[in-house]
Amino acid sequence: MAFTSSTKSTIVRIKTAGLRSAFRVLELVSPRLGALWAERFWFAITPSRVQAVVGGGTHFEVASQGGVVRGTRWGSGPVVYLVHGWGGNSSQLGSFVAPLVAAGFSVVAHDALSHGRSDPGPTGAGNSDGVQMGKALDDVAAKFGPAHAVVAHSMGSLATGLALQHGWLGTDRLVMIAPAVRISDYVTVVQAGLGFGPRTLRRLETRVLNRVGLPIDAVDLHRVAEEIERPELLVIHDPADRETPYASTTSLVAHWSGARLTTIEGLGHRRALRDPAIIRQVVAFVSSDELQEATA
């Protein structure tokens, strides 16, 4: 039986109302169980479809966290890493490959564990977190060497920051497109969506700490900026983005000395990854005069 749009909307409302009711009950009788459920909802991913991989590259595999990370390398020259976001995959940044290769770079793109063509991560298929994504990037960087630049999207921005802060990754330039700036931005969203209260939240915070090894307020690019040798930073974001808050981006840019912000309109969370003007700006930022002098 096919559902009409109104029927589907009704079903969604019923499911959401029932879920929120369940969390309200657990808040009273078993916040520990509520935190377990909330953790499962929070870290679950629905992977995006893998598009056609850009041709002309060499596929590679890297061991990471008990699994295999798969990716592709194109061209030769200083390395530029492309880092996808939550539930995404490397093919989403494919529009950057040819222009960067033409500009004289070696481009490396991978799928984080539980994403794209890579193996499930340590917490299983359909499940991931920013720390796992950061460790996967760091393991890829250990194979291909220091970065001249990293171009990261959404949660890939936060994962890159964690790799710069806690791993071996280093870079001269960093581009963040629609960045996820801090995990604490999403705690209130999850809490409001699921309807749990402070008792469940306290236990969820403990579960997150045990899972990723960092407290929620430490998974924050503001904190990263204080603890690393900061690369030159270009941030590109649409104020109307519904997935990552623009206000956190402006706060980060103000906190990161010398950072540049390009505010875009009408491109939302993902369309900037295919926009010709944005791609030209990113390539120009990566291909600065300093690079040309260093490689002359």
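The legends below describe close-up views of a predicted model. Local features need pLDDT of at least 70 and side-chain atom pairs count only at pLDDT 80 or more, while totals for chains, interfaces and linings use all residues. Residues are numbered from 1 along each chain as its sequence is written, and side-chain values use heavy atoms, with hydrogens and water left out.

**View 1**
Helices (H or I, at least four residues) and strands (E, at least two) are DSSP runs numbered from the N terminus. Two strands pair if DSSP finds at least two bridges between them. Strands of a sheet pair through backbone hydrogen bonds, either parallel or antiparallel.

**View 1. The hairpin of strand 1 and strand 2.**
Seven bridges join strand 1 and strand 2 in the antiparallel sense. In this pairing, E61 has R70 in strand 2 as its bridge partner. The two strands form a hairpin with two residues between them. Q65, in the turn, has a positive phi of about 55 degrees.

**View 2. Strand 5 beside strand 6.**
Strand 5 (residues 147–153) and strand 6 (residues 171–177) run parallel and are joined by six bridges. A149 stands opposite R173 of strand 6, and A152 stands opposite M176 of strand 6. Strand 6 is mostly covered, with six of its seven residues buried. Buried means under 20% relative accessible area, exposed means over 50%, and partly exposed lies in between (1.4 Å probe, protein chains only).

At 1.5 Å a residue, the 12 residues of helix 5 (residues 155–166) should span 16 Å, which agrees with the 16 Å between its end C-alpha atoms. The expected span is 1.5 Å times one less than the number of residues. Helix 5 is mostly covered, since 11 of its 12 residues are buried; among them are M155, L158, L162 and Q165. These buried residues pack against strand 3, helix 4, strand 5, strand 6 and helix 8 (221–227). Contact means heavy atoms within 4.5 Å.

**View 3. The cavity and S90.**
One cavity of 30 Å³ or more is found in a search of the whole structure. The largest cavity holds about 70 Å³ of space, and its lining includes V53, W74, S90, A109 and R117. On a 1 Å grid over the protein atoms alone, a cavity is a set of points where a 1.4 Å probe fits but cannot get out, and lining residues have an atom within 4 Å of a point. Grid points are joined across faces, edges and corners, and a volume is the space filled by probe spheres set on the points. S90 lies in the loop between strand 3 and helix 3 (97–102) and is buried, with a relative accessible area of 12%. Leaving aside neighbours within four places in sequence, S90 is in contact with H84, A109, H110, D111 and R117.

**View 4. The largest pocket.**
The volume of the largest pocket is about 650 Å³. Of its 32 lining residues, W42, W86, M155, Y186 and E243 are the closest to its centre. A pocket is an open set of points with protein on both sides within 12 Å along at least five of seven lines. Helix 2 (31–43), helix 4, helix 6 (184–194) and helix 7 (198–212) each supply at least two residues of the lining.

**View 5. R203 in helix 7.**
R203 has its place in helix 7 and counts as partly exposed at 34% relative accessibility. R203 and R32 are 171 residues apart along the chain, with their C-alpha atoms separated by 6.2 Å. Leaving aside neighbours within four places in sequence, R203 is in contact with P31, R32 and A35.
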